[in-house]
Amino acid sequence: MDALTNPNAANSTPLTPIQFLERAAVVYDNSPSIVYNNLTYTWRDTFIRCLRLASSISRLAIGKRDVVSVLAPNIPATYELHYAITMTGAIINTINTRLDPRTISILLRHGESKLVFVDYQLTNLIQEAVSLMPNDCAPPQLVLIIDDARQSLPSDQFINTYEAMVVTGDPGFNWVRPDTEWDPLTLSYTSGTTSSPKGVVHSHRGIFLGSVVGLVEWFVPKQPVMLWTLPMFHANGWGYIWGMAAVGGTNVCLRKFDTSIIYNSIHNNHVTHMCCAPVVLKMLSEGKPLQRRVNLMTGGAPPPAAVLLRTESLGFDVTHAYGMSETCGPSVFCAWKSEWNRLPATDKARLKARQGIKTIVMTDVDVVDPESGVSVTRDGLTQGEIVFKGGNVMMGYLKDPEATEKCIKNGWFYTGDVGVMYPDGYLEIKDRSKDVIISGGENISSVEVESVLYLHPSVNEVAVVGRPDKFWGESPCAFVSLKDDKVKPTADEIMKFCKGKLPGYMVPKSVVFKDELPKTSTAKIKKNVLREIAKSMELVVKGRL
Ligand code: ADP
């Protein structure tokens, strides 16, 4: 055999993250894999349960490239189904549990889902969604997931229960390996902040690379204890569903959480790792100091430096990552340099608020002029579109070649995010293309204005959007929710606070107080809704509403 003409049969078996579980069942056989209320499974249990379930799923004539959906919170079944479904050769499609029935019906139809596993608290949601599906498409079969021992089916629409399928399945099932590493593994719909949801497809190879690199970049050791505060349905828990099997971690599942549930669980389960969006980070930043430090990864939206500073002071070692459904989670990490440890805490927080640098499986990440594709000057000021190429980029959008070609072109994936590149090669997001405010010909980064507003002691949450302005074209309008303090600042005071901290044209010309800001189902602030409100508002006095 000629060593210069590879690949050969021994070195080219398809990469797949499913094999992590097979290995975990041997290496971490008696160690905990999943902890949920009073229930604990070991890695051997999890492997066997997934094989049994996979055999039951394949008995329903589900196989290669069929789509199987999951509508459930962060419970053990959601974790297991990532393996059991894909062990049959099928594609896993996790559905955001906060979506409305109409959207769910659209996704089920678009993905041609054959089977849906549904949590017992979401039966009305799925039944309504299925009833909204047009008559010309076959509705999916439904399986009920029940948390406790009750084994009753709420209606004959459900063909079986989850546990019954596990119990009756074959533990010797020969799981279906991919033909090539490019076989599809996951179908995840984007949350639709900028357009209607699109079905992102990732291959076994993409997810393998994404989950391994997530461990490397976060320095995850063997047998961590992961608290699932990130929805598993959000880009498959940023790849850590598979990653935890690779390192034999313990997955602490939570059906619902608030600050006190999280703090209790951290304490009781000796949690070492957790991921969450900046909104949850903000919630945690109002808690008490931890007894032991916890590694926390945040991403999904820009974390303000002020929130990073507070959370770190409580004992969370925060890692900041950036990615999207199209890159199976984080592909850019704010890789920490040891020399930064010597800096004052505020400088550290400012550096950490930058999104960072490509992971080791990305060939390149750059900020370019979207028209010419030429890299912008690395001065931390010149804005451009963030582009990616490398192992984490999706295969494409399901049944949407047009949308795929729009973002994958000239050998790059165009993210639609606006950023700057610093001289040290680290990038920072300034906005999403659609959120940039253009005032008097100047581009205003809403994220930059927000980061200053977050420094105000009374501000709870803030989002800045462009508001139509006869003179300037657009002007920045800040929507603010305040903390529950007795002293409430006025709109004028908020504006004054920004003066001197921002150039004049970036200071909000209007401030609107709201009890709560509208959020998407992945906890991102709905700027499109706020823009509509801003558009319809009457300006009473210049600079005031
Ligand atoms: P959707 O595009 O529908 O919101 P995603 O959950 O895939 O669905 O969101 C990806 C987007 O979230 C990115 O394009 C980016 O705008 C934003 N994002 C993700 N991580 C970060 C981060 N660390 N900082 C700022 N924005 C982020």
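User: Happy to dig in with you! Is Cys-276 buried or exposed?

Analyst: This is a predicted model, where local features need pLDDT of at least 70, side-chain atom pairs count only at pLDDT 80 or more, and totals for chains, interfaces and linings use all residues. Residues are numbered from 1 along each chain as its sequence is written, and side-chain values use heavy atoms, with hydrogens and water left out. Buried means under 20% relative accessible area, exposed over 50%, and partly exposed in between, using a 1.4 Å probe and protein chains only. Cys-276 has a relative accessible area of 0%, so the residue is buried.

User: Thanks! How many disulfides does a search of the whole structure find?

Analyst: A disulfide here is a pair of cysteine sulfur atoms within 2.5 Å. For Cys-276 the closest cysteine sulfur, in Cys-275, is 7.8 Å away, so that pair is too far for a bond. For Cys-334 the closest cysteine sulfur, also in Cys-275, lies at 16 Å, again too far for a bond. The search of the whole structure gives a count of zero.
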